[in-house]
Amino acid sequence: MDEKSYYSRLLIALLMVLCFGVIVLQYVCPTSDCQLLHLASLSSRLGSRARGDRMNGAGAGDPYSSEDGALVRFVPRFNFTTKDLDRAVDFNIKGDDVIVFLHIQKTGGTTFGRHLVRNIQLERPCECHAGQKKCTCYRPGKRDTWLFSRFSTGWSCGLHADWTELTSCVPSFMGNRESQERRRTPSRNYYYITILRDPVWRYLSEWRHVQRGATWKASKHMCDGHLPTLSELPSCYNGDDWSGCSLEEFMACSYNLANNRQTRMLADLSLVGCYNLSIMSESQRWAMLLESAKRNLRNMAFFGLTEYQRKTQYLFEHTFRLSFIAPFTQLNGTRAASVEVEPETQRRIRELNQWDVELYEYARDLFLQRFQYARQQERREARQRRLQERRRLRAKVKPWWGVTGKAVFKPTKEPPMTEQSPVFSEEKQADAGQTLVSETEGQVEDNWLEEDDSETILDYLENVEQWR
């Protein structure tokens, strides 16, 4: 009977503890966004960092290291100068500088364009209203825009205007918006930016978009002051659109502008006679366009890659010294990703877009090298700040700790002692011993304060500052 009573009391006690725990949990965390849930994610992140550290060293916990599922360690293929890699610009949003977004179709540019008008921390945020496609992005204290993009100024230079169109149109467009007084001010800086995407998936995404009825008929394709003729730029379909076309039909059109679109839109078309294909051979034409696109890409203030959303965000923030409110997310569930494509079809798409493939490999290499350079620069600056902070704390804590300086034992010029030398006096021996002890203590204390890698010491010194 006593044994049954004991177990009953034990069961009641356990139930009371459980109820008490539930009450405490409801009190501490009344909503579904319980902070305790973050402990699991934190432990998983720490666990993954620890696993990465064991595999690849201290830097493997970097959240940017394997964003796209590729190898953690990146091996550069191209040689770039420091000027090509260091892309931090002095963007003056309160002055006259303008960011110009070159929006290439089906590269994720719509998402990035929304980030520019809705997701940047600004002294004067863009004003976006429901039901309106464009936002008002004025500078602080001025009725003048700092952003030329689809969601700020609209398609003012044509639908999906390319590099050739933008560089000739944007300065005149911005000049027409200025007052007569402002037109006499020095010329402003235009910082061109764009987003690139893997050519195969971009091509498939454009096909799916055209299949749903997209045409981009409003695109001007202006070059050297004139529009292309119908013979220079024929259409791939009859009728209002090309909706319902198969992938085979889409690929069969030899003058489909989807082919090598990124190379063409980033190059200076004036170098090859615009859309006149009779000036030079096709291979010579595309080789010149590719080199022009690479050069323009290097000289752009910034470009991002759809496959590297977080690195794209980081490099934009690093380049323009602007910060986004919410982090970018990597979305792989696109319509193009849902298409079942045979390996042979993918190979044919790569052949059709061989110049885009070469450009993207070049751009990816440059992009990742810029990212590595920026991260190394950031780490050096952070290390320098830590060293300066430690020196500052050391200078303040030494007097409090009783360290007034390092005592140095200076040997005398007396001859070395031998068996025949006179013996030191007791007073001199005491002075020498005291000097050695002072030197030893000073070295110990100074070594303790010189320990740069000890975060525990830093915490201690900061607490000392608070106690004082």
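Colleague: Let's start in helix α13: how many residues apart are Glu 389 and Arg 392?

Modeller: First off, this is a predicted model, where local features need pLDDT of at least 70 and side-chain atom pairs count only at pLDDT 80 or more, while totals for chains, interfaces and linings use all residues. Residues are numbered from 1 along each chain as its sequence is written, and side-chain values use heavy atoms, with hydrogens and water left out. Helices (H or I, at least four residues) and strands (E, at least two) are DSSP runs, numbered from the N terminus. Glu 389 and Arg 392 both sit in α13, about one turn of the helix from each other, and the spacing is 3 residues.

Colleague: How far apart are the closest N and O atoms of Glu 389 and Arg 392?

Modeller: A salt bridge needs a side-chain nitrogen of Lys or Arg within 4 Å of a carboxyl oxygen of Asp or Glu. Glu 389 and Arg 392 form one, and their closest N and O atoms are separated by 2.4 Å.

Colleague: Which residue joins Arg 139 and Asp 144 in a network of salt bridges?

Modeller: The side chains of Arg 139 and Asp 144 meet at 3.1 Å, N to O. Both count as buried, since Arg 139 has 0% relative accessibility and Asp 144 has 10%. The network that links them also takes in Arg 188.

Colleague: Which residue of β3 stands opposite Phe 101?

Modeller: Strand β1 covers residues 98-102 and strand β3 covers residues 190-196, and they pair in the parallel sense over 5 bridges. Facing Phe 101 across this pairing is Ile 193.

Colleague: Which residue of β4 stands opposite Leu 196?

Modeller: β3 and β4 run parallel and are joined by 4 bridges. In β4, Phe 302 and Gly 304 point one way, Phe 303 and Leu 305 point the other way, and all are buried. The residue opposite Leu 196 is Leu 305.

Colleague: What is phi of Asn 260 near, and is the residue buried or exposed?

Modeller: Most residues other than glycine have a negative phi. Asn 260, in the loop between α8 (247-252) and α9 (261-266), has a relative accessible area of 4%, so the residue is buried. Phi of Asn 260 is positive, near 55°.

Colleague: What is phi of Cys 274 near?

Modeller: Cys 274 lies in the loop between α9 and α10 (282-299). With 3% relative accessibility, Cys 274 counts as buried. Phi is again positive in a residue other than glycine, near 60°.

Technical notes
Two strands pair if DSSP finds at least two bridges between them. Buried means under 20% relative accessible area, exposed over 50%, partly exposed in between (1.4 Å probe, protein chains only).
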